[in-house]
Amino acid sequence: MLPSGGMRKSFTEDNQLVSNEEMLKKSLILLPEEKAFFASKNGKRALPFRLTTHYLKLIQSDPTGALRRMAIPRINELSVLDYETPDPLNEELFEKVPRCIHRYTDRVLVLVTDVCALYCRHCFRRRFTGENKGVLSEAEVRTIRGYIESHPEVRELILSGGDPLMVPDSKLEYILQILGTAGNITVTRISSRVPVVLPSRISRSLVRMLSRQRQVWMVLHINHPAEVSPRFAGTVRMMLESGIPLVSQTVLLKGVNDSVKTLAELFYRLLALGVKPYYLFQGDLAPGTSHLRVPLSRGLELYRELSSNISGLALPGYAVDLPGGGGKVRLGAGSIAEVRGGEYHIQSVDGRFFRYPVEQD
Ligand SMILES: *Cc1c(COP(=O)(O)O)cnc(C)c1O
Ligand code: SF4
């Protein structure tokens, strides 16, 4: 089940997969709301449960309980609000050929696999994730290559999923070679949570293979300072030394990272390792995620406070993917309010308004 290729040599007890209640109970005392999820028949129809022994250890040494909220399902996950939908970003509308989402002009996003090492309870792509579709077939890879070649405006390839780093090295290399060089692609971005949840997967040979391709950027999905483990830091160092630039994306989550202190700590830890915080995402309206979602008003308040406190290098953009296919929008700390009396009135991070002249071109 684990991807091969560089895995066996670094095989440690940290890379076992825990995928049922019995295995979990050997390491943790379950909370009533977690037990209730496992006891429910409907739990079987939800996003599968799975985490790694590495992450289990992080949970055991996290007194805040933040990490277990992201990894262990609770009964609340079975309450679906009427405005929550399986495809909250309307991605299916932009799926131009199977597994290839082309929503923004110059970049395409490819759903490489639906498998992850750990299934995040806040996952917004649960219409696809954990559905046993497996890795992209060679025929699908060729179809996507054809699509990219007939769209010369596409310059960037984004590998997503699921988690692309769950794919065995040789298959991933094949995908990178065929798609990463198609048409006018000059850069590939790989979005992954594997360095955080299954760091032993990031072997020297995997990193070497990635660094041999046309420029690869890695986007790390990381949500809490306690996820910045020594093993994670080791994978970050290895990737940076091999010339793979790293940025991060974080989902704003209730009871996990919804405080200025926690977010600032996470972003500074990342910055100290050489990872630029790129996005902080408002929670998407995916089914059963309301117990993890922070209200937008609170998100804006947190972001405003964060922006006036931390270094611009440590500050990611705060973005919401608009429901119904509106796409990503960055929500600023300040914004242009209006033009009045021949001047812009712009709000600063502390909420006051300042004027800026309207000039002629
Ligand atoms: C988020 C996303 C991208 C990347 O957007 P950036 O703002 O460049 O990070 C591309 N395609 C899809 C479908 C996305 O959801
Ligand atoms: S790693 Fe990404 S795709 Fe996989 S479960 Fe987490 S959020 Fe979903």
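Picture a 1 Å grid laid over the protein atoms alone: a pocket is an open set of points with protein on both sides within 12 Å along at least five of seven lines. A molecule sits in a pocket if more than half of its atoms lie within 2 Å of its grid points. In this predicted model, the largest pocket is the space taken by ligand 2.

So who surrounds ligand 2, counting residues with a heavy atom within 4 Å of it? Cys-116, Leu-118, Tyr-119, Cys-120, Cys-123, Thr-129, Gly-161, Gly-162, Arg-193 and His-221 do. That shell splits into five nonpolar residues, four polar and one charged. Here Leu, Tyr and Cys count as nonpolar, Arg as charged, and Gly as polar.

Next, the cysteines. A disulfide takes a pair of cysteine sulfur atoms within 2.5 Å, and the count here is zero. Take Cys-100: the nearest cysteine sulfur, that of Cys-116, is 19 Å away. Cys-100 is buried, at a relative accessible area of 0%, where buried means under 20% with a 1.4 Å probe and protein chains only. Cys-120, from the ligand shell, is buried too, at 9%.

Now for the rings. Rings of Phe, Tyr and Trp (its six-membered ring) pair if their centres lie within 6.5 Å, and planes over 60 degrees apart count as edge-to-face. There are five aromatic pairs. Phe-37 and Phe-38 have ring centres 5.7 Å apart and planes at 85°, so they are edge-to-face.

A note on conventions: residues are numbered from 1 along each chain as its sequence is written, while chains are lettered from A and ligands numbered from 1 in the order in which they are written. Local features need pLDDT of at least 70, side-chain atom pairs count only at pLDDT 80 or more, and totals for chains, interfaces and linings use all residues, with side-chain values using heavy atoms and leaving out hydrogens and water.

Key. A residue is near a molecule or strand if one of its heavy atoms lies within 4 Å of it. On a 1 Å grid over the protein atoms alone, a cavity is a set of points where a 1.4 Å probe fits but cannot get out, and a pocket is an open set with protein on both sides within 12 Å along at least five of seven lines; lining residues have an atom within 4 Å of a point. Buried means under 20% relative accessible area, exposed over 50%, partly exposed in between (1.4 Å probe, protein chains only). Rings of Phe, Tyr and Trp (its six-membered ring) pair if their centres lie within 6.5 Å; planes under 30 degrees apart count as stacked, over 60 as edge-to-face and the rest as tilted.
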